[in-house]
Amino acid sequence: MVKLLLLLGLVVGFLSYTSESLRFELQSGNTKCVAEEINSNSLTVGKYSVVNPNEGYPIPDSHKLTVRVTSTYGNTLHSADNQVSGQFSFVAAEAGSYMACFFAPDHKPQTTFVVDFDWRTGVAAKDWSNVAKKSNVELMELEITKMFDTVKFIEEEMFNLRVKEEEMQELNKSTSSKMFLFTFLSILICLSVAGIQVWHLKTFFEKKKLI
């Protein structure tokens, strides 16, 4: 029962973690960046759009964006200039923190506008309605496919957690060894200094013929 509850908790946690939808304000001349932790070989999709302040009229030039999406090593995965909306998709080549940055060109007077941004990775990045429509599969088959992908995603996450745990254990062992060596050297130095002081005092008293 405990294992079942833990598994359900992992499912809910991972699914909520792989989907980020937000709305934020951006002033002209400023930049806002959003970071997302993505595992290697994970599908990633993102959509962004500027909210039209005057519905029914074209969005003014002051409300256009420059967007850059970069990998954890600084590689550019998406680049767009002077856009009011756009989207990107890629498969992460390496695990790490990916960054989506939105820059609003400088404008006088300064303007503030609203951006909608939806970023999904892993299982949440798949459009299951399109999968069902294109593949013409039955509802049960679709649910099984979703469950299979979810289990596969959780398995990859648990593997990554085991790798990180092993790295942490190695770090702890290395730190413990260094602390033991440092403590041993500290004691050795203290004993050496104490021995030198005793020898110096003994020599001093002998010269003074006190002992």
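**Notes on strands and cysteines**

1. Arginine 68 has serine 79, in S5, as its bridge partner. The two belong to an antiparallel pair, in which five bridges join strand S4 (residues 65–70) to strand S5 (residues 76–83); strands here are DSSP runs (E, at least two residues) numbered from the N terminus, and two of them pair if DSSP finds at least two bridges between them.

2. This is a predicted model, in which local features need pLDDT of at least 70 and side-chain atom pairs count only at pLDDT 80 or more, while totals for chains, interfaces and linings use all residues. Residues are numbered from 1 along each chain as its sequence is written, and side-chain values use heavy atoms, with hydrogens and water left out.

3. S4 and S5 form a hairpin with five residues between them, and glycine 74 in the turn has a positive phi of about 90°. S4 also runs antiparallel to strand S7 (residues 96–103), to which five bridges join it, with valine 69 standing opposite alanine 100 in S7.

4. A search of the whole structure finds one disulfide, the term being used for a pair of cysteine sulfur atoms within 2.5 Å. This disulfide joins cysteine 33 to cysteine 101, with an S to S distance of 2.0 Å. The pair links distant parts of the chain, cysteine 33 lying in strand S2 (residues 31–38) and cysteine 101 in strand S7, 68 residues apart. The link of cysteine 33 and cysteine 101 is right-handed, with 110° about the S-S bond.

5. Cysteine 33 counts as partly exposed at 38% relative accessibility, whereas cysteine 190 is exposed at 54%; buried means under 20% relative accessible area, exposed over 50%, and partly exposed in between (1.4 Å probe, protein chains only).

Notes: Helices (H or I, at least four residues) and strands (E, at least two) are DSSP runs, numbered from the N terminus.
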